[in-house]
Amino acid sequence: MAELGHDATSYAPPREQPEMELPHSHSFWTTYVFSQDAKTIAIQYSVTAISVGLLALLLSILIRLQLGFPNTFSLIDPSTYLQYVTMHGMIMVVYLLTALFLGGFGNYFIPLMIGARDMAFPWLNMLSFWFYFVSVLILVASFFVPGGPTGAGWTLYPPQLISEGTPGIHGGVILMMVSLGVFIAGFTMGGLNYVVTILQYRTRGMTLMRMPLTIWGIFMATLLALLAFPALLVAALMVLLDHLAGTSFFMPAMFSMGEQLPHEGGSPLLFQHLFWFFGHPEVYIVALPAFGVVSDILATHARRNIFGYRMMVWALIAIGGLSFVVWAHHMYVSGMNPYFGFLFATTTLIIAVPTAIKVYNWVLTLWHGNIRLEIPMLFAIGFIFTFINGGMTGLFLGNVTVDVPLADTYFVVGHFHMVMALAPVMTIFAAIYHWYPKITGRMLHEGMGKIHFWVTFIGAYAIFLPMHYLGLAGVPRRYYAYGESSPFIGESVVTLNAFITVAAVLVAAAQLMFIYNLIRSRKHGKEAGPNPWNANTLEWQTEHTPPTHGNFGKELPVVYRWPYDYGVPGAKYDFIPQNVPPEEVEMIDEGVRRT
Amino acid sequence: MTVTLVFLAALLAFFLGWVLSRTVNVEPWVADGGTLNDRMPEILTTPRVALLIFLAVASSLFALSISAYHMRMAFGDDWLAVPSPALLWVNSAILVLGSLALQWSWNAARRDDAAGLRRWLYVGGGLTSAFIIGQVLVWRDLNAGGYYMTANPANAFFYFLTALHVLHLIGGLVAWVRTAKRERAGASPEALCSSVELCTIYWHYLLVIWFILFALLLTT
């Protein structure tokens, strides 16, 4: 009998997880289209998110072409430019990052990593995807309505959101709001599922403190999203009422085109409060899963246990909690009470503490590790770089006095792309290279992967690092062209803009190669085997690769240890999967058993 | 945002207490014989947990709406309070009775009393529908009295908050219809107990929300 954990007796006696009835599918439609298997839903989510993400990538290239080489491309006029900026931002933040991390990764990894057969509510899960899919269709449809999509910026600030002169104020705004509403409804169904599954469907021995950090990240992010998205929903509903019914929630009394509008007394500031009450947690909705995924990938590829697991968990929780009390740092120049600014600068800087704990722990995990520079590891280390970089400029912008001159300049654009675009995207790539072998049974092509990493990493720095200097030079964001202010814009700015555009085109080309790699390796990749990285978490221990319906064979795995038993002294192999009981651990000296 | 922040702080305090009780003093790196277990207590079945989390989401939505109400009221001096029609009191009484009826239905389900379950389930659904019709009448009366949605932010918020509440009730009625269908198909009280219970808890929750909203509309 193995030695028990130190406080095993303080827990309730083990209760078998009830075997759930899986909805078995028989036809093509229920297997591939209206599937209730979390893994299929995950792939549906991911493919949809990546497809719409490619559209947003294309939009960003169009934006860059205009900025790098103004007046060259007649296709882009001031209105379409603003529309591209708006749609690029909205798609990337909500429809790509949120959907991919929670809908894609969440659906695939939650049941597999906690040792469950499926989500708690498979049918609701399917419905969640189809709501998401419809919301994407509605969003894309706005490109085809008269006037095109809204061009108010992804922050959608009224009053200009629905005032004459802004592109897309007729169909575009309405479709955007409806699409967000549908997205939020769909997400709420999915999010309920993720949280309930993590709470209720963990297999025997999978205590909270034995969950991989990926699951902790997804869990916290889902909780944030469930509580924060209602703010966006309220704002979207009120915008629709202002626009369609003529109420004055957000619309002040104003003259437009020489005419007094019917609105009176509404507060644009109220919208900003609601928007950022969602908007700031949103940053962490995409960052927390990234934190979790990176922790697991670093531990696996450095063959070392994650440094400070408990601190990592508590830091996730602390960041999640604090993320609700910092929203107004996006509004320093909005005209709110200046004392508020002081308060929010303080809370913002406090967030740096748990975040720094995480960064130190990642670096300390690598310290003396047996680092294998496989592609997921490259991207994970790339994440640490971009995240520290973006985090540092966050310290600048978090301070009111520094933020005021930098507000609405390219410094801000550089900052948030580093910290919440590049860092999570690096993680997404790391995760795809890491888990693709489990999902398809084949490895991605390594040479292409290396090129992809280096072009993306160096290229992204070439794009976003110069933007900080543009910002310090006072170049404002969201401008189509600098017009009469050109004399104040130095020659170097023009050159730098052209340079950034060239880098952006190269990085985009590398992404196409990545997509090609994804498609090609599906059939022609090297056979991966069940556990190519020698990882410990449960998803690598399934009977079949890719895992079949129901994930595990006849019996659910029993968990005996945390997922970070890499390089355990004395053990024969440098990894001990979670489902290996202590008495079965092979030691170097045969006959010596370790618990 | 005070209302929202107080709500979130309460939620976070509860969550922190729960997480800390299960994570502090645990040594995750220690392996054992597979007996460690920190499942949720038996009373928290999967549907109950799901409902509780959904109620947290709905509470966030209502808290934010109430915060917006307070903020908008403080921003402009164009706020003209809406008179509260007497019908609202009648509607409130109907909603209380609806909640009570569902409670009795749930009690009957637990006693394995099929007749009582059926009777009170339908009475509860009927009363809820009556409440919704009553709210529509209130809106019609206000509109007829010139309190258009566009006339004043107070009016707009009145319609917005009450409609939000009614929409949540309609969502509840969807679940109620599904339960009633199963009841008609001859499901036993034991099989229905969980569904009736979820409906009842949701109705009680919406009743509390209604009283908060009603108090807010009465006092401002």
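**Helix packing and the chain contact**

Analyst: In this predicted model, Tyr284(A), Leu288(A), Phe291(A) and Ser295(A) of α7(A) meet Met312(A), Leu316(A), Ile319(A) and Gly320(A) of α8(A).

User: How do the residues of that contact divide into nonpolar, polar and charged?

Analyst: The contact of α7(A) with α8(A) has six nonpolar residues, two polar and no charged.

User: And at what angle do α7(A) and α8(A) pack?

Analyst: The angle is about 175°, and the axes of α7(A) and α8(A) lie 11 Å apart. Because angles over 145 degrees count as roughly antiparallel, α7(A) is roughly antiparallel to α8(A).

User: Switching to the contact between the chains: how many residues does each chain give?

Analyst: Chain A contributes 58 residues and chain B contributes 43 residues. On the side of chain A that touches chain B, the elements giving two or more residues are α5 (171-200), α6 (213-245), α7 (268-302) and α8 (309-322) of chain A.

User: Which element gives the largest share of that side?

Analyst: The largest share comes from α6(A), with eight residues. The residues of chain A on this side comprise 37 nonpolar, 15 polar and six charged.

User: Now chain B. What is the reach of α4 there?

Analyst: Helix α4 (residues 114-144) of chain B has 31 residues and spans 45 Å from first C-alpha to last, close to the 45 Å expected. Just after α4(B), Gly146(B) has a positive phi of about 90°.

User: What do the buried residues of α4(B) pack against?

Analyst: They pack against α3 (87-110), α5 (153-184) and α6 (189-219) of chain B. Among the buried residues of α4(B) are Trp120(B), Gly124(B), Phe131(B) and Gln135(B).

Key
Residues numbered from 1 in each chain as written. Chains lettered and ligands numbered in written order. Predicted model: local features only at pLDDT ≥ 70, side-chain atom pairs only at ≥ 80, totals over all residues. Helix = DSSP H or I, 4+ residues; strand = E, 2+ residues; numbered from the N terminus. Expected span 1.5 Å × (residues − 1). Buried ≥ 20, exposed ≤ 12 C-beta atoms within 10 Å, placed from the backbone. Contact = placed C-beta atoms within 7 Å. Nonpolar A, V, L, I, M, F, W, Y, C, P; charged D, E, K, R; others polar. Axes fitted to C-alpha atoms, helices over the stretch in contact; angles between N-to-C directions. Parallel < 35°, antiparallel > 145°, perpendicular 65-115°, else oblique.
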